[in-house]
Amino acid sequence: MSVHDPSGDHVNDRTQHPDRAERLAQHRVMLHARDADAIEMTVHTLVDRTPLELGEAVDVTIDAQNRSKAVILETHLERAEFYREQLAFGGLRVTLEPAPV
């Protein structure tokens, strides 16, 4: 998106507002492995607090168990922070990572 500069030039909006561009950049919400005993609770929390369906939540949970962490979803920073908070309140260990461009 471009913005009209009074000088008559068009300016890239991302150049003008780097904070906005950063907020809109995609981030990964990462689930970290837990005890194997907590798999059912993890799946339930993912289904309850994210748009994931049951099968997707099971896949993410198993991936995290096998690889120590797994991508739950990718979204813009503010929503990623919201999911991180909601999942942490549900007892899950979740971090954010910038998504590859």
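This is a predicted model: local features need pLDDT of at least 70, side-chain atom pairs count only at pLDDT 80 or more; totals for chains, interfaces and linings use all residues.
Me: Buried means under 20% relative accessible area, exposed over 50%, and partly exposed in between (1.4 Å probe, protein chains only). How many of the 7 residues of β3 are buried?

Reply: Residues are numbered from 1 along each chain as its sequence is written, and side-chain values use heavy atoms, leaving out hydrogens and water. Strand β3 (26-32) is mostly covered, with 5 of its 7 residues buried. Helices (H or I, at least four residues) and strands (E, at least two) are DSSP runs, numbered from the N terminus.

Me: Which strands pair with β3?

Reply: Two strands pair if DSSP finds at least two bridges between them. β3 and β4 are antiparallel, with 7 bridges; here R28 faces E74 of β4. Strand β5 (residues 94-98) also runs antiparallel to β3, joined by 5 bridges, and T95 in β5 is the bridge partner of M30.

Me: Which residues of helix α3 are buried, and which are exposed?

Reply: In an α-helix, residues three or four places apart point the same way, because there are 3.6 residues a turn. In α3 (residues 39-49), T42, V43, T45 and L46 are buried. They fall within an arc of 165° seen down the axis of α3, so they line one face of the helix; the arc is that of the directions from the helix axis to the C-beta atoms. E40, H44 and D48, on the other side of α3, are exposed.

Me: What covers the buried residues of α3?

Reply: Look for contact, meaning heavy atoms within 4.5 Å. The cover includes β3, α4, β4 (69-76) and α5 (77-89).
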